Amino acid sequence: MKALMYHYVRDFSNEAPFSRHKETLDFIKEISSLQKNGFYFENVSSAIDTYQEKSNPERVILLTFDDGLKDHLAVASSLNELGIKQGTFYIPILPYTRKSILPVHKAHLIASIHGGKSLGLLKKACNEIGVSIIDHSSFKEDNLRYKMQHLGYSSQEDFDDIKEFKRLVNYCGD
């Protein structure tokens with residue numbers, strides 16, 4: 001059994017030239033290719049049943065889509081056109097209950113627009129409003145949390161400035 005997680009599936013936009021996403025057409029080709037090669041898609045419940053029954057669990061793929069973005073409405077439509085009725089869509093409630101964008105999406109949005117300039121812009125903005133950006137690795141109580149976050153960001157395929165920008169926005173401030 002395999003799981004494929006998608007965050008952003010969309011087409012290129014000049015408004016967000018540095019966006020890190022899967023192009024819609026590439027997504028459709030990828031899923032179609034998996035179908036043609038004998039893989040099939042199940043939801044979590046049916047995949048567990050398949051695994052327990054041992055009926056080709058190596059051919060099962062779980063599709064997951066993170067954060068309930070509007071991209072996923074189009075994804076659901078594309079999957080439906082391919083005859084795939086399964087997929088797990090994780091929808092966070094914080095944006096609805098607090099009526100605010102998640103920090104992770106703030107970071108992605110800014111980085112998709114400004115690319116490698118994002119960290120410099122954050123530092124400049126913090127300087128303008130008198131907010132200090134602190135290296136959280138220097139605080140004993142935050143040290144383990146920082147190391148775990150840093151490990152996650154260090155494994156991303158992105159420029160160091162982008163990774164540090166995302167880490168700061170996601171975990172160290174509003």
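Trainee: How far does helix H6 (residues 118-129) reach from its first C-alpha to its last?
Mentor: This is a predicted model, in which local features need pLDDT of at least 70 and side-chain atom pairs count only at pLDDT 80 or more, while totals for chains, interfaces and linings use all residues. Residues are numbered from 1 along each chain as its sequence is written, and side-chain values use heavy atoms, with hydrogens and water left out. Helices are DSSP runs of H or I with at least four residues, strands are runs of E with at least two, and both are numbered from the N terminus. With 12 residues, H6 has an expected span of 16 Å at 1.5 Å a residue (1.5 Å times one less than the number of residues), and its reach is close to that, at 17 Å.

Trainee: Which residues is Leu119 in contact with, leaving aside its neighbours within four places in sequence?
Mentor: Leu119 has its place in helix H6 and counts as buried at 7% relative accessibility. Its C-alpha is separated by 9.0 Å from that of Lys163, 44 residues apart along the chain. With contact taken as heavy atoms within 4.5 Å, and with the sequence neighbours left aside, the partners of Leu119 are Asp161, Glu164, Phe165 and Leu168.

Trainee: How many aromatic pairs does a search of the whole structure find?
Mentor: Rings of Phe, Tyr and Trp (its six-membered ring) pair if their centres lie within 6.5 Å, and planes under 30 degrees apart count as stacked, over 60 as edge-to-face and the rest as tilted. By that test, the number of aromatic pairs in the whole structure is 3.

Trainee: Why does the pair of Tyr6 and Phe27 tie together parts that are apart in sequence, and by how many residues?
Mentor: The ring centres of Tyr6 and Phe27 are 4.9 Å apart and their planes stand at 90 degrees, so the pair is edge-to-face. Tyr6 lies in strand S1 (residues 2-6) and Phe27 in helix H1 (residues 24-36), so the parts that the pair ties together are apart in sequence by 21 residues.

Trainee: Which residues form one aromatic cluster?
Mentor: Phe27, buried at a relative accessible area of 1%, also forms an edge-to-face pair with Phe65, at 6.1 Å centre to centre and 70 degrees between the planes. That pair links helix H1 with strand S3 (residues 60-66), 38 residues apart. Phe65 is buried at 0% and Tyr6 at 6%. The one cluster is formed by Tyr6, Phe27 and Phe65.

Trainee: How many of the 7 residues of S3 are buried?
Mentor: S3 pairs in the parallel sense with S1 over 5 bridges, and also in the parallel sense with strand S2 (residues 40-41) over 2 bridges and with strand S4 (residues 88-90) over 3 bridges, where pairing takes at least two DSSP bridges between the strands. S3 is largely enclosed by the rest of the structure, because the number of its 7 residues that are buried is 6.

Trainee: Which residue of S3 is the bridge partner of Ala3?
Mentor: Elsewhere along S3, Phe41 stands opposite Ile61, while Thr64 stands opposite Thr88 in S4. For Ala3, the bridge partner in S3 is Leu62.

Trainee: Which residues is His72 in contact with, apart from neighbours within four places in sequence?
Mentor: His72 lies in helix H3 (residues 71-81) and is buried, with a relative accessible area of 4%. Once its neighbours in sequence are left aside, the contacts of His72 are Tyr6, His7, Phe65, Asp66 and Phe89.

Conventions:
Buried means under 20% relative accessible area, exposed over 50%, partly exposed in between (1.4 Å probe, protein chains only).
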